[in-house]
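Here's a quick tour of one protein chain, written for someone new to reading structures. Keep the 3D view open and click along as you go.

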Amino acid sequence: YFQWTHNSPSRNRVDPTPVNIMDVYVLTADYATSYTEYLQDLTGTITTPPAPPTSSSLELAYGELENYKAVSDTLVFNPAKFKPLFGNKARSEFQATFKVIKNSNVNITDSEIRSKVLAYINAFFNTANWDFGETFYFTELATYIQQGLAPNISSIIIVPNSASQVYGSLQQISSEPDEILISCATVENIEVITAITAAQLNLQNQSVNTIIN
């Protein structure tokens, strides 16, 4: 005798009928603007993230899409979710510091480097460039920044802020089917360095743990 219990993941729907249930993920312009303002607020005025629209409000606003579906289909409207990365408003495991090696032969200040790198990060994570469920690869961001800022910088790396993570932990970040990745980094998350060393990569703790083990 045995019992088999199967639970469907929360993002999947079990449909016992022959009707097609289609999930529609919606990111409204108002919500995107409000959330971006929350992330970019450095004054502490906006302390909590804005609430996403409800499924009911989305159904009322975009109910005309019902005219384009088959009679046997059912549309379920789901609000988009943002997944903030790198800055203090991101979850601790996604907070990081960008460490940039400046070209010593170019006359440019560290503050200029930091502001320009931040501008490229924000442009890279513009919501128009991303779709639901996409994966972030740091190599793509690094290439984009280095091409845009050449010859001012020679290299850029990303180092996790969490002590429980090591260099390389944030090279790839995935998102759920209803999530869109967005950066909440500030200039405080960008550091200009002269060389890449073990200390810069936070490898000291990793070496100690290896010896202890």
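Of the 213 residues in the chain, 34% are buried. Here "buried" means under 20% relative accessible area, "exposed" means over 50%, and "partly exposed" is what lies in between (1.4 Å probe, protein chains only). You're looking at a predicted model, where local features need pLDDT of at least 70 and side-chain atom pairs count only at pLDDT 80 or more, while totals for chains, interfaces and linings use all residues. Residues are numbered from 1 along each chain as its sequence is written, and side-chain values use heavy atoms, with hydrogens and water left out.

**The overall layout**

- The chain's secondary structure comes to five helices and nine strands; these are DSSP runs numbered from the N terminus, with helices being H or I of at least four residues and strands being E of at least two.
- Walk along the sequence and you get the pattern β-α-α-β-β-β-α-β-α-β-β-β-β-α.

**Strand S4 and its partners**

- Strand S4 covers residues 96–102, and six of its seven residues are buried, so the rest of the structure largely encloses it.
- S4 pairs with strand S6 (residues 153–160) in the antiparallel sense, over seven bridges; two strands count as paired if DSSP finds at least two bridges between them.
- In that pairing, Lys 102 stands opposite Ile 153 of S6.
- S4 also runs parallel to strand S9 (residues 190–193), and four bridges join them.
- Look for Lys 99 here: its bridge partner in S9 is Glu 191.

**Salt bridges**

- Side chains of opposite charge can pair when their charged atoms come close.
- This structure holds five salt bridges, each one being a side-chain nitrogen of Lys or Arg within 4 Å of a carboxyl oxygen of Asp or Glu.
- One of them joins Lys 99 and Glu 191, with the closest N and O atoms 4.0 Å apart.
- Since Lys 99 lies in strand S4 and Glu 191 in strand S9, this pair ties together parts that are 92 residues apart in sequence.
- Lys 99 is buried, at 8% relative accessible area, whereas Glu 191 is partly exposed at 32%.
- Glu 93 and Arg 91 also meet in a salt bridge, 2.8 Å from N to O, and Glu 93 counts as partly exposed at 29% relative accessibility.
- Another salt bridge links Glu 66 and Lys 69, with 3.6 Å between the closest N and O atoms.
- Glu 66 is partly exposed at 27% relative accessibility, and Lys 69 is partly exposed at 23%.

- Arg 114 sits in helix H3 (residues 110–124), and its 25% relative accessibility makes it partly exposed.
- Arg 114 and Lys 99 are 15 residues apart along the chain, and their C-alpha atoms are separated by 9.6 Å.

**Aromatic rings**

- The whole structure has 15 aromatic pairs: rings of Phe, Tyr and Trp (its six-membered ring) pair if their centres lie within 6.5 Å, and planes under 30 degrees apart count as stacked, over 60 as edge-to-face and the rest as tilted.
- Tyr 31 and Tyr 35 make a tilted pair, because their ring centres are 5.9 Å apart and their planes are at 55°.
- Both of these tyrosines lie in helix H1 (residues 29–40), four residues apart, or about one turn of the helix, and both Tyr 31 and Tyr 35 are buried.
- Ring pairs also build a cluster from Phe 86, Phe 98, Tyr 120, Phe 124, Phe 125, Trp 130, Phe 136, Phe 138 and Tyr 144.
- Over the ring of Tyr 38 sits the charged end of Lys 89, 4.3 Å from the ring centre; the rule asks for NZ of Lys or CZ of Arg within 6 Å of the ring centre and within 35 degrees of the ring normal.

- Most residues other than glycine have a negative phi, and most peptide bonds are trans.
- Phe 86 has a phi near 80°, a positive value in a residue other than glycine.
- You'll find Phe 86 in the loop between strand S3 (81–85) and S4, buried with 0% relative accessible area.
- The peptide bond from Ala 150 to Pro 151 is cis, with omega near 5°.
- Pro 151 is in the loop between helix H4 (138–149) and S6.
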